[in-house]
Amino acid sequence: MPKKNSMPVKDRGVETGDEILSAERCLQIHRIMVRARAMEERMIKMSKSGEGFFWIGGPGEEAFNACLGLQIKKGQGPTFDFLHLHYRNSATMIAMGMELIDGIRQMGMTWTDPFSAGRNFPSHFSRKEWNVVPVSSVIEVQFAMAPGTALVQKRHGDGVTIVVGGDAGAAEGDFTTCMLWSSRPGNELPVLMITMNNGWGISTAHCTQHSCEHTIERGKAYGIAGEVVDGNDPVASWFAIERALRYVRSTRSPFMLEAMVSRLHGHSSSSGAPRSADPDCLALFEERLLSANVIDRPGLERVHREARQEVDAAVEKAGQEKKPTPAEIEKFTYAPSAVDAVYPDDYTGLP
Amino acid sequence: MVQAVRLALHYGEENLGVTDVFGEDVGPPLGGVFTATQGLKTAWNTPLDERGIVGTAMGIAYAGGRPVCEIQFCDYGFNTIDLLKVAGNQRWAGGGGWELPLVLMTPSGSGIRGSLYHSHSFESWASRLAGWKIVMPSNPLDAYGLMLSAIADPNPVMVLLPKALLRLKGDKLIPGEPADPDKLKSMIDAPVGDRSRWKPNWPDVKEFFIPIGTASVVREGDSATVVSYGRTLPLCVQAADSIRKQSGATFDVIDLRSIFPYDWKAVSASVEKTGRILIVNEDTEVTNFGEHLLRRVIDEHFYDLVVRPRVLFGRHLPGIGLNPVYEQNSVPQLASITTALADLMSEEA
């Protein structure tokens, strides 16, 4: 944690308690948040205009997710971090280097969609070269898979597994599976379990489902330490993620982090995706950036304008790209196999 | 057969990159409730959590490992069905970005007086899991060759082990297997009692792949075609041999070996030749995998058939009861297969 010094905060960055995030880092995070928000809001419009059929994503989780993406040990293979994300992690992907057009491509169901070739819902990311395993709509299954990647990582280097889900999804048995398999005595695994607690499971309120306020309380039964952080605060989130990753990376054992966040556009387009009155992490951060004199209003407007232009260009370009054809329905079902007499290359219909 | 599985896993550890063999009671001291994993250097025990087993296998595969996981009885795999679906669609859903080289092996079917939850069949369920490959041996050599292919294949492969045949001795040796069964037993079977200091003395078994999707024609004939796999396959052979002795009728008896992809060429060629087909398995009869084969036979060979094609399968019941009366009358046995086969070949065209 950086030490406070006598320099005024406005010249040093933004602070939460004793923690200060540099102006440079704040601007980097802010730009990611703005770009993520611009992409998501455009995707919501696409879901209503017929350019897409369904939207689900992460407005309200950008502050935490941008900080997460910037601290990933990014790469391919077990010596790098593995990510088992949920469908609200667009800001994490953007922080890791995802171009906005890739999110738009998936929304627009193009063949050029690098995550699913136009097959999966938006925000269902998959990127092997970054160890981002395919996001599934099936709630919490990623928590059953996370011990597997972590088990291999424990044998190689200092990579860790990061698994993300919502508070409502913690009701699934796979959440318990992850706690149990990651904390076996003598076989602890480097897993960072992250709960994004927005207080809702579609229309079911957290307080009507969970008897404990925080999911990390369940970690106590498994000897897993945890922390709750204000996920609407990028400064607090940055340092909480930093602490959690340092712990998991160095001890090769699990840790639980719960981020209290907002759900700004409902569960998905299935509920109309109306804007809620919940605290907006982006607006809150911008007020702090202005107060700390990290950026001025014209500067903010410029970031927003550039993000809108980037999204506009992405929609324009993606709209002209190739769509899947009937000939590609079966493609990528199977990997080529030297021991398969029927499908040596890929699936080609019934035997 | 269980020794063949063990030898295949050992070969896989040494030559095909198997990194983890795991499941409930799979590691020492037991080495599997059927002893399929005794002495394996990468075998370890898991919590009693089938979803954790399947999920962890997926994770290991993602991270570059080569896992072979076991569901102790397929009856306990039903709560993993959505994970199995996810495993099967990862490559397709991810636009080809990922490979998921994992093997799931599980004992399937009846034949050990297993009552409600040690007698289920799984192949019909499994055949609906697109993206998976499903194999089921009926003899030790095939178990060895199919397991090696399952390990070598870079896709999810399910190996269904017919539990009634796990103690079966084969009439063909695995390449490198000692000819003396007692010698093999002394080399690789763990002793009863304290086995904490026991180590297997593995024979130098060799590479032997049975390509996925290849059937085996175990009897050749002209009177009719019989397609089966797993526990009912040797019963079909017995029935065919018995009828041949009595009447001279001869049968193509096809051991499918791969449920998916299945060897349609072999089935198709035989039906074209005989015009009569009986498909036999022990899964329950409503939306049975055999019904799919029957549909294709009707679609593609309607005018080749000389009598109605048929399927013999398990009855649509909530389970198989413990009293032998239940099992004998729930799933095909030698007598019912023989009767069905005799009816098939004797029906007037």
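Predicted model: local features only at pLDDT ≥ 70, side-chain atom pairs only at ≥ 80, totals over all residues.

Q: Where does Asn131(A) sit in the chain?
A: In a loop of chain A.

Q: Which residue of chain B has a positive phi without being a glycine?
A: Ser115(B) is one. Its phi is about 60°. Ser115(B) lies in the loop between strand 4 (103-108) and helix 4 (123-126) of chain B.

Q: How does Ser115(B) count: buried, exposed or partly exposed?
A: Partly exposed. Ser115(B) has 16 C-beta neighbours inside 10 Å. Buried needs 20 or more, and exposed means 12 or fewer.

Q: Let's switch to peptide bonds. Which ones are cis?
A: Two to look at are in chain B. The bond from Pro28(B) to Pro29(B) is cis, with omega near 10°. The bond from Phe260(B) to Pro261(B) is cis as well, with omega near -5°.

Q: Where are Pro29(B) and Pro261(B)?
A: Each is in a loop of chain B. Pro29(B) lies between strand 1 (20-23) and strand 2 (43-45). Pro261(B) lies between strand 10 (258-260) and helix 8 (264-274).

Q: Back to chain A. Where is Asn198(A)?
A: In the loop between strand 5 (191-197) and strand 6 (200-201) of chain A.

Q: Is Asn198(A) buried or exposed?
A: Buried. Asn198(A) has 24 other C-beta atoms within 10 Å, and the cut-off for buried is 20 or more.

Q: What is Asn198(A) in contact with, leaving aside its neighbours within four places in sequence?
A: Gly60(A), Gly166(A), Asp167(A), Val261(A), Ser262(A) and Arg263(A).

Q: Zoom out. How many helices and strands are in chain A?
A: Chain A has 10 helices and 9 strands. Its radius of gyration is 21 Å, close to the 20 Å that the globule rule gives for 351 residues, so chain A is as compact as a globular protein of that length.

Q: What does chain A span along its principal axes?
A: The C-alpha trace spans about 75 × 55 × 40 Å. Buried residues make up 54% of the 351 residues. Take the contacts in chain A with a separation of 6 or more: 71% of them join residues 24 or more positions apart.

Q: What do those numbers look like for chain B?
A: Chain B has 11 helices and 12 strands. Its C-alpha trace spans about 65 × 50 × 40 Å along the principal axes. Of its 349 residues, 58% are buried. Residues 24 or more positions apart account for 77% of its contacts with a separation of 6 or more.

Q: Why does the radius of gyration of chain B agree with a compact globule?
A: Because a compact globule with 349 residues would have a radius near 20 Å, and chain B has 20 Å.

Q: Which domains does the assignment give for chain B?
A: Domain 1 (2-188) and domain 2 (216-346). Their centres, taken over C-alpha atoms, are separated by 26 Å. The contact takes 24 residues from domain 1 and 25 residues from domain 2.

Q: What classes of residue are on the domain 1 side?
A: In chain B, the side of domain 1 that touches domain 2 divides into 11 nonpolar, 9 polar and 4 charged residues.

Q: Last topic: how many residues are in contact between chain B and chain A?
A: 43 residues of chain B are in contact with 43 residues of chain A. On the chain B side, helix 2 (50-62), helix 3 (81-93) and helix 5 (140-152) each supply at least two residues.

Q: Which helix gives the largest share of that side?
A: Helix 2 of chain B, with 9 residues. By class, the side of chain B that touches chain A has 20 nonpolar, 16 polar and 7 charged residues.

Note on methods. Residues numbered from 1 in each chain as written. Chains lettered and ligands numbered in written order. Helix = DSSP H or I, 4+ residues; strand = E, 2+ residues; numbered from the N terminus. Contact = placed C-beta atoms within 7 Å. Nonpolar A, V, L, I, M, F, W, Y, C, P; charged D, E, K, R; others polar. Rg over C-alpha atoms; globule rule 2.2 N^0.38 Å. Domains from an automatic or database assignment.
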